[in-house]
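Here's a quick briefing on side-chain contacts, put together for someone who likes cut-offs spelled out. Have a look at the structure first.

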Amino acid sequence: MKHILRFTFSLALVLLSFSGIAQEKKTTKTDSIKKDSIVPKKERYGLRLGVDLFKLTRSFYEKDYRGLELVGDYRLTRRHFIAGEIGNENKTVDDDRLNFTTKGTYLKVGFDYNTYENWGTMENVISLGMRYGVSSFSQTLNSYTLYNTYPYFGTVPEVSSGLVYKGLSAQWIEIVAGMKAKVFNNVFIGFSLRVNRLLSQKKPDNFDNLYIPGFNRTYNGNFGVGFNYTVSYFIPLYKSTVKPKVIPTPAAKKKK
């Protein structure tokens with residue numbers, strides 16, 4: 001997991017750097033010709049749809065996991081985006097004393113705020129945001145081991161259960177920090193880190209929601225962390241003209 005995070009972060013920074021260098025070369029001639037003029041810029045607005053590659057590939061190399069997450073965002077203003085994710089997960093967890101399987105679907109909706117100052121026709125995103133998440137799922141207790149108060153008298157055998165708890169649910173909020181870089185025309189790659197806080201949950205009797213689809217593993221009962229690595233396609237719907245800020249040159253100031 002740590003290696004994936006380092007690789008993704010480094011790759012995104014490299015892509016942002018290359019994108020910036022290419023755009024700077026493209027706009028140098030135009031800027032030199034129109035130093036004192038105001039050049040209106042048109043920015044694209046539309047819908048971006050994609051998939052979480054991390055969950056998709058994880059299903060191939062981790063035998064106890066199956067999952068799929070679709071992501072999307074819509075640009076409202078120059079810096080604000082409506083964003084969301086929808087997905088499903090099937091995860092089996094084998095702890096020291098418990099073996100259980102969680103199955104369910106989830107939906108997250110919220111917003112992202114782009115803190116990155118693009119120039120030219122760049123459309124990169126470095127964002128902070130928030131999500132409200134809901135999940136509906138079931139838990140299956142496959143097996144468990146009773147606590148042995150007298151370990152000197154031998155080990156306690158594992159007990160097979162197969163007990164299924166249905167109709168479970170959870171609600172939470174997420175703080176999201178992410179990045180998206182344009183690699184081809186309308187194609188973006190990105191990643192995000194998430195810190196989750198449970199608001200409410202419906203627990204099974206005599207058991208706990210140790211893993212919640214969309215929320216991931218619970219820590220101390222209420223907290224969780226998440227990560228995704230996405231590829232998405234931007235569908236432009238319209239353009240809006242933006243008048244850029246111009247800093248007067250020394251020559252222009254003398255003329256005044």
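Predicted model: local features only at pLDDT ≥ 70, side-chain atom pairs only at ≥ 80, totals over all residues.

Residues are numbered from 1 along each chain as its sequence is written, and side-chain values use heavy atoms, with hydrogens and water left out.

**Helix H2**

- H2 spans residues 53-61, and its buried residues are Phe-54, Lys-55, Arg-58 and Ser-59. Helices here are DSSP runs of H or I with at least four residues, strands are E runs of at least two, and both are numbered from the N terminus. Buried means under 20% relative accessible area, exposed over 50%, and partly exposed in between, with a 1.4 Å probe and protein chains only.
- Looking down the axis of H2, the buried residues fall within an arc of 140 degrees, so they line one face of the helix. That arc is taken from the directions from the helix axis to the C-beta atoms.
- Phe-60 and Tyr-61 are exposed on the other side of H2.
- At the start of H2, Asp-52 has a side-chain oxygen within 2.9 Å of the backbone nitrogen of Phe-54.
- Asp-52 also forms a salt bridge with Lys-55, at 3.5 Å from N to O, and both Asp-52 and Lys-55 are buried.

**Salt bridges**

- The structure holds 18 salt bridges, each being a side-chain nitrogen of Lys or Arg within 4 Å of a carboxyl oxygen of Asp or Glu.
- Lys-91 and Glu-62 pair up at 2.6 Å, N to O. The two sit 29 residues apart, with Lys-91 in strand E3 (residues 80-94) and Glu-62 in the loop between H2 and strand E2 (65-75). Lys-91 is buried at 12% relative accessible area, whereas Glu-62 is partly exposed at 22%.
- Asp-73 and Lys-180 form a salt bridge too, with their closest N and O atoms 3.8 Å apart. Asp-73 is in strand E2 and Lys-180 in strand E6 (residues 159-184), so this pair ties together parts 107 residues apart in sequence. Both Asp-73 and Lys-180 are buried.
- There's a network as well: salt bridges link Glu-85, Lys-108, Asp-112, Arg-131, Glu-174 and Arg-194.

**Aromatic contacts**

- There are 5 aromatic pairs. Rings of Phe, Tyr and Trp (its six-membered ring) pair if their centres lie within 6.5 Å; planes under 30 degrees apart count as stacked, over 60 as edge-to-face and the rest as tilted.
- Phe-54 and Phe-227 are edge-to-face, because their ring centres are 5.3 Å apart and their planes meet at 85 degrees. Phe-54 belongs to helix H2 and Phe-227 to strand E10 (residues 223-242), 173 residues apart. Phe-54 is buried at 12%, and Phe-227 is buried at 7%.
- Tyr-165 and Phe-207 are stacked, at 5.8 Å centre to centre with 15 degrees between the planes. Phe-100, Tyr-165 and Phe-207 form one aromatic cluster.

**Charges over rings**

- Arg-75 puts its charged end over the ring of Tyr-45, 4.6 Å from the centre. The rule asks for NZ of Lys or CZ of Arg within 6 Å of the ring centre and within 35 degrees of the ring normal.
- Arg-197 lies over the face of Phe-223, 5.1 Å from the ring centre.

Terms used. Polar contact = N/O pair within 3.5 Å; in protein donor to acceptor, adjacent residues only side chain to side chain.
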